Amino acid sequence: MEQWPGDPLQPDPNSASRRSGRRDRGVWFLPPVGVRHDRRGARGGRGAGSPGPPRGHLRRPRGAAAHDRAGAHGDPVADLSHRRRRQRGSRACADHRRGRRPAGGGLRGGDALHRTSGGLPGQRRATGRDVAHAGLGRGPTPGHRTGHLRGPGLRRGPRLHRHAGAQRPHPPHEPCRRRRPQHQASPGVRGAAAASDRLMVPEFVLPDYDGATLANLLPSIEARLTGGEPVIDLPRARKYVILLVDGLGWYPLAEHADHAEHLAALMPSALTLTCAVPSTTATSLTSLGCGAVPGHHGVVGYTFLDPAADRVLNALSWDGGPEDVEAFTLRPTVFSRLARQGHRSAAVSLTRFADSALTRMAFGGTRHHGVEFESDPEHFTDLIGAALQGSDVVYAYERLLDHHGHGHGVGSWQWLDELARIDDLVVHLAEALPDDVCLLVTGDHGMVNVPQDRKIVADDHPELAGYRHIAGEGRFRQLYTDDAPRLAAVWAGFMGERAEVVLRDDALAAGWFGADPDPLAMPRIGDVLVAMREDWAVMSHNFPGEFGLVGMHGSLTPAEMLVPLFAIGPR
């Protein structure tokens, strides 16, 4: 969820929320987490479920930003024969594909990434024919352009359970038998008796805190730079750039891959990571920056309780948060640790984020480079280039995909336009970076669309009362109460199959927040946790801005928990 200081949570009232004319494919591919996928797709290209564009169509060279060119608001589908047609009125659909590449010698690599290809994420190997038949461009992916994330280098895969309509084409490397903290499961709540041995709901994805997860990305970079043993077997490079795209989930990308053909072409060689619980921006970014699980760093949700003040705080805007951010922080960042070892780091994000509480908790130890024009790829790339001049690790944050997902929904024309722009940005950035830099592209969580008739308003049901505070977000509510077993039983009976209601101790025993949680972090977690299933959400009038959201996240479904990790370079 993206709502840093100054960002209203509600969508822009002046922005129309039109749906794309694109049909849902009805095919979901459930990748084995932490495993590099086979490069060859199934026979038959699009007829076999491939989300890529038809063969023989490659994107035209990039040019200036749409709003800077004459004729940028012409027919939105005129130059998009290789994409699915969208409704007229999607003004920005063709903006980033018209025009020409700007002159100048600053770009490297030519059109190497314009001719990528590959199979489908999660498909079985079906034939030995060329990967071009998978329907994503022409020819093989150039080896000097694409870094390899080697699955066998991971310690293990997470527990990933089958859900309706999902396919697991490959088994995990080995059964996941991770160490559990010694918490006693509390009886009387659905699923609690076996909480430490299994997931609460079969389709939920447990974070792989011991292996392929966001929290292990920076420690793995640190290991590469200092000669250690990485958890994630990243390409060796002299410098690293992490481009984190807010809301870039594996499933939303795979379902709409025809709007991001270059990223789609790299998906067969990408890793699938799990984010943290809850699957939300504040928790994921702090897990990334601190290299720690939520139970250790203490940022346990979008909103959660500050026990010292007995008040709910917003981790993004810091409304209700304490003035002394450093005292509230439980773990130092990996960037600070790198600095002590002689490796400097930088962060590239909106200027107004420079001094936010979340930046201080998650990215302390970095030199901040403020983004003024976030839709301008040249500006964004120049800032990253400047940051690399004095840094070995650069973190760059892109927020607009999440913003449009919340306001208009995954698959809306606004969201699709932004996905295509990010696809262009990745290509532009990969070409511009020096040869000795590895570009890592990932997300912090996925997203699901929640219809209005699937939003349960807790305040409208008196039987659900009995909590002192309600926090979290629509897909993952946290309740604070003096009688947790009674409240959990009431909520579990009311929600039925729409949600999994668990006590805090049971969630800790199941590993939702990681092993051996910090005693200072534990009371920040709700006494009762409500993780929504399918496309349900539970709302509260305490958070009126959330009622206008279309796309939401926070729960443990694969669509929210799984994110891709692409490695490009070094070359």
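Helices here are DSSP runs of at least four residues, numbered from the N terminus. With that settled, here are some close-ups of a predicted model.

**View 1. The whole chain, before zooming in.** The protein has 571 residues, and 63% of them count as buried. Its secondary structure comes to 14 helices and 17 strands. Among contacts with a separation of 6 or more, 77% are between residues 24 or more positions apart.

View 2. The average pLDDT of the protein is 75, and 65% of the residues score at least 70. Over residues 1-33, though, pLDDT stays under 50, and the model gives that stretch 138 contacts beyond four places in sequence. Residues 35-199 are also below 50, with 431 contacts beyond near neighbours in sequence. Where pLDDT is low, the predicted coordinates should not be read in detail.

**View 3. Helix H10 meets helix H11.** H10 covers residues 400-408 and H11 covers residues 413-432; their axes come within 8 Å and cross at roughly 170°. An angle over 145 degrees counts as roughly antiparallel, so that is how H10 and H11 run relative to each other. On the H10 side, the contact is made by Leu400, Leu401, His404, Gly405 and His408. H11 brings Gln414, Trp415, Glu418, Leu419, Arg421 and Ile422. Sorted by type, the residues of this contact are five nonpolar, four polar and two charged.

View 4. Eight of the nine residues of H10 are buried, so the helix is largely enclosed by the rest of the structure. The buried ones are Leu400, Leu401, Asp402, His404, Gly405, His406, Gly407 and His408.

View 5. Thr381 is found in helix H9, which spans residues 377-389. With a relative accessible area of 7%, Thr381 is buried. Setting aside neighbours within four places in sequence, Thr381 touches Leu425, His428, Leu429 and Ala432.

**View 6. A pair of cis peptide bonds.** The bond from Val277 to Pro278 is cis, with omega near -5°. You'll find Pro278 in the loop between strand E2 (271-274) and helix H4 (281-290). The bond from Gly569 to Pro570 is cis too, with omega near 0°. Pro570 sits in the segment after strand E17 (562-568).

**View 7. Positive phi at Trp318 and Asp516.** Trp318 is not a glycine, yet it has a positive phi of about 65°. Its place is the loop between strand E4 (311-314) and helix H6 (325-328). Asp516, also not a glycine, has a positive phi of about 50°, and lies in the loop between helix H13 (504-509) and strand E14 (528-532). Are these residues buried or exposed? Trp318 is buried, at 13% relative accessible area, while Asp516 is partly exposed, at 44%.

View 8. A disulfide is a covalent bond between the sulfur atoms of two cysteines.

Terms used
Residues are numbered from 1 along each chain as its sequence is written. This is a predicted model: local features need pLDDT of at least 70, side-chain atom pairs count only at pLDDT 80 or more; totals for chains, interfaces and linings use all residues. Side-chain values use heavy atoms; hydrogens and water are left out. Axes are lines fitted to C-alpha atoms, for helices over the stretch in contact, and angles run from 0 to 180 degrees between N-to-C directions. Helices (H or I, at least four residues) and strands (E, at least two) are DSSP runs, numbered from the N terminus. Angles under 35 degrees count as roughly parallel, over 145 as roughly antiparallel, 65 to 115 as roughly perpendicular and the rest as oblique. Contact means heavy atoms within 4.5 Å. Ala, Val, Leu, Ile, Met, Phe, Trp, Tyr, Cys and Pro count as nonpolar, Asp, Glu, Lys and Arg as charged, and the others, Gly among them, as polar. Buried means under 20% relative accessible area, exposed over 50%, partly exposed in between (1.4 Å probe, protein chains only). pLDDT is the predictor's confidence in each residue, from 0 to 100.
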